[in-house]
Amino acid sequence: MGAIKLLWRHSTWLDRWILALLLGLTCASWAALAQRPAGTRIVVEREGAVLFTATLHETKEVFLDGPAGGITLVVANGAVRVREAGCRDKICVRMAAISRAGEWIACVPNRLIVRVEGAYSERKGYDLLSR
Amino acid sequence: MSTRNTFLLFALLVALAIVGLRSLGGDTPKEFRRSRILMDTVVEITVTDAGGAPLPQVVDRAFDEIARIERLTSLFREGSDVARINAQRETKVAPETAAIVSLGLEVSRASGGAFDMTLGRLKMLWPMDGTQKAVPSQEAIRTALAGSGMDAIALRNGQVSRRFAETMVDLGGIAKGYAIDRAYETLKAAGVRQAAVNAGGDLRLLGGHGEKPWRIAIQHPRKPGGIVGSLALRDVAVVTSGDYERFFELDGVRYHHLFDPRTGWPARASQSATVVAPSAALADALATAAFVLGPQKGIALLEKTPDAEGLIIGADGNVYRTAGLETAWEQ
């Protein structure tokens, strides 16, 4: 406590403002880091433009419009799948739910790509999947 | 508290703030990734070392190159080289189309016709778009096979000729691989040092992944989301053909899109075939051929092809590998 009192006595108001700012910044960044769910996130794109993002730890259902009637996306239990699609083939509906970084579901008629993103270290031991 | 201690306290706070903010900053800061739907699949380009090349411009150019090859080789696009080939007996084609046909004919000959670019009519006969489950009659299959075979087309001086009026050329088994190669060349020419071009699971790797090789997992053909093992690779192409990508089941039988050109029916000897080769076009064609030939003949084909390696998961579920793949294979 003595050291802090000494520091306070010898510091200027500018020093104190900078110290407070740094303390605030440090606490805020680490608090935000603790809040962020571990794991990966979902990104939905069309022609390179991001239309929707969510973390895999959320529970969500969202409709995304598209030229072939759009799709209904369900995020639940750490995975994402297409529940309904307005297109004729509905191949994306039949695809299994995805949960690992690098996996994707595409609805070609709606020009939509649903991807699971994440760091390579989150990919359970591999970088890319040949299939 | 001394001035030195005050300075150290400030430095510590600054460092903690930086660490926290960097951790919040996203997935992997050095990784640049973009996706497009091209050639009826998702094409993803990942750059891990741009080498000073401008991003995203160079990646967009790589996508444009894939789109250009798609326009040339599409079966249904009016005015494409393939559409023109199928509309007349002799057709002058673009150098890129000629290169694809040339390589395809080589693989066709080397595989004894297991890879076949003249199955257009057969592929249109089988409903593999998920809309219906119907097995064509043997008579319809026999008719669809008329005019097919490795001798049904020829390439001379950039001109593709069809031997029979019934012959319908379909470059679907090789064009995607070639397009991947063109994207790779675009990235490389721009100075990109490390990248991966991934078209629906068909891959071409530029360099390694940082100091390490890329680790490529191979899809398990019967466990969605499962893998059979992985390969540690750099500067190669990896393509897998499997009976699980496009198929329908009827009365307990799986009918898929990889046809045996000799019978016109889905090939039954394999569940999947993965080929590692210097180019994606070669890997693409060889993967189809190896799948059709099955483990014994397929592995023999890969063993005799220079710089090609691979593994085949047979109909029995066992994994068969070329000898040269042993060091890269991790189960």
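Covering is judged by contact, meaning heavy atoms within 4.5 Å. Helices (H or I, at least four residues) and strands (E, at least two) are DSSP runs, numbered from the N terminus.

Which residues of α4(B) are buried? Among them are B:Glu96, B:Thr97, B:Ala98, B:Ile100 and B:Val101, and also B:Leu103, B:Gly104 and B:Leu105. Buried means under 20% relative accessible area, with exposed over 50% and partly exposed in between (1.4 Å probe, protein chains only).

The helix covers residues 95-110, and at 1.5 Å a residue its 16 residues should span 22 Å; the end C-alpha atoms are 23 Å apart, so the two values agree. The expected span is 1.5 Å times one less than the number of residues. Just after α4(B) comes B:Gly112, with a positive phi of about 65°.

## How the model is read

This is a predicted model, in which local features need pLDDT of at least 70 and side-chain atom pairs count only at pLDDT 80 or more, while totals for chains, interfaces and linings use all residues. Residues are numbered from 1 along each chain as its sequence is written, chains are lettered from A and ligands numbered from 1 in the order in which they are written, and side-chain values use heavy atoms, leaving out hydrogens and water.

## Chain B as a whole

Chain B has nine helices and 16 strands. Of its 331 residues, 56% are buried. Among its contacts between residues at least 6 apart in sequence, 60% join residues at least 24 apart.

## A covered strand and its partners

Now find strand β7 of chain B, residues 202-206, where five of five residues are buried. B:Asp202, B:Arg204 and B:Leu206 lie on one side, with B:Leu203 and B:Leu205 on the other.

Strand β6(B), residues 194-199, runs antiparallel to β7(B) and is joined to β7(B) by five bridges; strands pair if DSSP finds at least two bridges between them. Here B:Ala196 has B:Leu205 as its bridge partner. The two strands form a hairpin with two residues between them, and B:Gly200 in the turn has a positive phi of about 60°. β7(B) also pairs with β10(B), residues 237-242, in the antiparallel sense over two bridges, and B:Leu203 has B:Val238 as its bridge partner there.
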